[in-house]
Each structure stands twice: as C-alpha cells, then as structure tokens.
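My entries follow in the order in which I looked.

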Amino acid sequence: MLFNKIENTINSLNIESISEERKETLQALIDFIQIKVKYNQEIRINFICTHNSRRSHLSQVWAQTIAFYFNIKNVFCYSGGTESTALFPMVAETLENSGFEVKTISENINPIYSIKYAENEHPIIGFSKKLDDDFNPKSEFAAIMTCSQADGSCPFIAGAEKRIPITFEDPKVFDNTPQQAEKYNERSLQIATELFYVFAQINS
C-alpha cells in the first residue's frame, strides 16, 4: 500500500490544470507505455536532465509511484544526466513533505538516498549519475528529456527505443530565495499531475 500522505497528494492532483497543448506533448509517452502494456513487456523509462539533480529525480520518483498507484506492472523508472553532480537536498525535502520516506544511505559529495513510497515496495535509489551509468538500462527504454538544455545537447540517446522531450521549468532559479520551498513543491506537483495524467490513460 502507498503511504497515506502520498495517496492523499495523488488524489488531490488536478489534471484539469493541464493544457491541451501539453497533453499533446505527453501523448508520445502514453503511446510508449500503452504498447508495452499491450504486449506485456517491461516498461523502462529514463528521465534525463543536464545535471540529474532536480527535475529528472522528481520525474523518476513520481512516475514509479504513480505506476504503482494505478497498479501498472513491470514499470522501471530511472534518471540520469549529461553530467553527474548531486541530488539537490531541496528535492529530497520536497519529496519528504509529500509523504515519501527519505533516508540518506551514504553521505559524500554525491549522496545516495533511499526513497520509499509504499510499505512493501523496493525503495527508489536516488543519486546523481550520467545517463549511460551502469545503474541505468542500456536498451529498450524511453528517454524522457526533462530539460530543454539536455534536449538540445543530446539529439541522440544510445540504446533508447524512443526519445521524448517533456521539459519542465527549473526550480533552481529560486534557490536561496524565500520562495524556494514553495517553488520546488509547485514543480514537484506539476510533474506528479502530468505523470498522473499519463498513467491514467493506460488501459491495462
């Protein structure tokens, strides 16, 4: 079972806030997942950003969680960057505030986090890595470009079955401002809402 607070967060998401234009952007991911479900194949999704520090992690965590919410099986979500830096602490804090159990497994310049969304499910392992890191799939995955910079600098993703740009504004611009927590939460909920819409379209 999902943790209560996460389930409440998901139940409060408003897909009416998604524009028709944005729904068209999300359609390619819906199509990718639907075909995999139809043929009972594993669904691998790698969310890619420049630094693998903010948007790609939020996307990975919410996609894995919402797939579980809709009981869509064989979904494996990953994230990576064109370079590796560190998962930004505000991302971990934002997820914690939404009900995730976040534990730091190792503390160094690139900390490793365990991010748990349900009592009996394997936690998501969150840390910054390059998109072709051994932790990530080598083939048969959809590469979701979550930032325009990575989208522009990576026209080709080796091994990707499909490359889909679904870009989000970077909450980094609000770092060290009074609105930081609010803006990270806003971006997290936007990502959750759009991924909720995606998985809600899947006929399993």
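**Entry 1: the four-stranded sheet**

I first looked up an open sheet of four strands, whose order is E2-E1-E6-E7 and whose pairing is parallel. E2 (75-81) and E7 are at the edges with a single partner strand each, so one side of each has no neighbour in the sheet. Between neighbouring strands of this sheet the turn is 25° on average, direction ignored.

I note the basis here: this is a predicted model, in which local features need pLDDT of at least 70 and side-chain atom pairs count only at pLDDT 80 or more, while totals for chains, interfaces and linings use all residues. Residues are numbered from 1 along each chain as its sequence is written, and side-chain values use heavy atoms, with hydrogens and water left out.

The terms I use are these. Helices (H or I, at least four residues) and strands (E, at least two) are DSSP runs, numbered from the N terminus. Two strands pair if DSSP finds at least two bridges between them.

**Entry 2: pairs within that sheet**

How many bridges join E1 to E2? I found seven between E1 (residues 43-49) and E2, and the two strands run parallel. Phe47 has Ser79 in E2 as its bridge partner.

I then took E6 (residues 141-145) and E7 (residues 160-165), which pair in the parallel sense over five bridges. Phe141 is bridged to Ala160 in E7. With helix H5 (residues 148-153), E6 and E7 make a right-handed β-α-β unit; right-handed means that, with the strands pointing away from the viewer, the path from the first strand over the helix to the second runs clockwise.

**Entry 3: helices on the sheet**

I looked up H2 and saw that this helix lies across E1, E6 and E7, at about 155° to E7. Helix H3 (residues 55-69) packs on the sheet too, touching E1 and E2, and its direction makes about 180° with that of E2. Axes are lines fitted to C-alpha atoms, for helices over the stretch in contact, and angles run from 0 to 180 degrees between N-to-C directions.

At what angle do H2 and H6 pack? For H2 (residues 20-38) and H6 (residues 180-200) the angle is about 55°, and the axes are 9 Å apart. That makes H2 oblique to H6 (under 35 degrees is roughly parallel, over 145 roughly antiparallel, 65 to 115 roughly perpendicular, the rest oblique). Residues of H2 in this contact (heavy atoms within 4.5 Å) include Leu26, Leu29 and Ile33, and those of H6 include Leu195 and Val198. By class, I list eight nonpolar, one polar and three charged residues. Nonpolar covers Ala, Val, Leu, Ile, Met, Phe, Trp, Tyr, Cys and Pro, charged covers Asp, Glu, Lys and Arg, and polar the others, Gly among them.

The axes of H3 and H6 come within 9 Å and cross at roughly 40°. H3 is therefore oblique to H6. Among the residues that meet are Trp62 and Ile66 in H3, and Ile191 and Phe196 in H6. This contact has 11 nonpolar, two polar and one charged residues.

**Entry 4: the three-stranded sheet**

Last, I looked up an open sheet of three strands in the order E3-E4-E5, with antiparallel pairing. E3 (101-106) and E5 (124-126) stand at its edges, each with a single partner strand, so one side of each lacks a neighbour in the sheet. The twist from one strand to the next averages 30°. E4 (residues 112-116) pairs with E5 over three bridges, and Tyr113 has Gly126 in E5 as its bridge partner.
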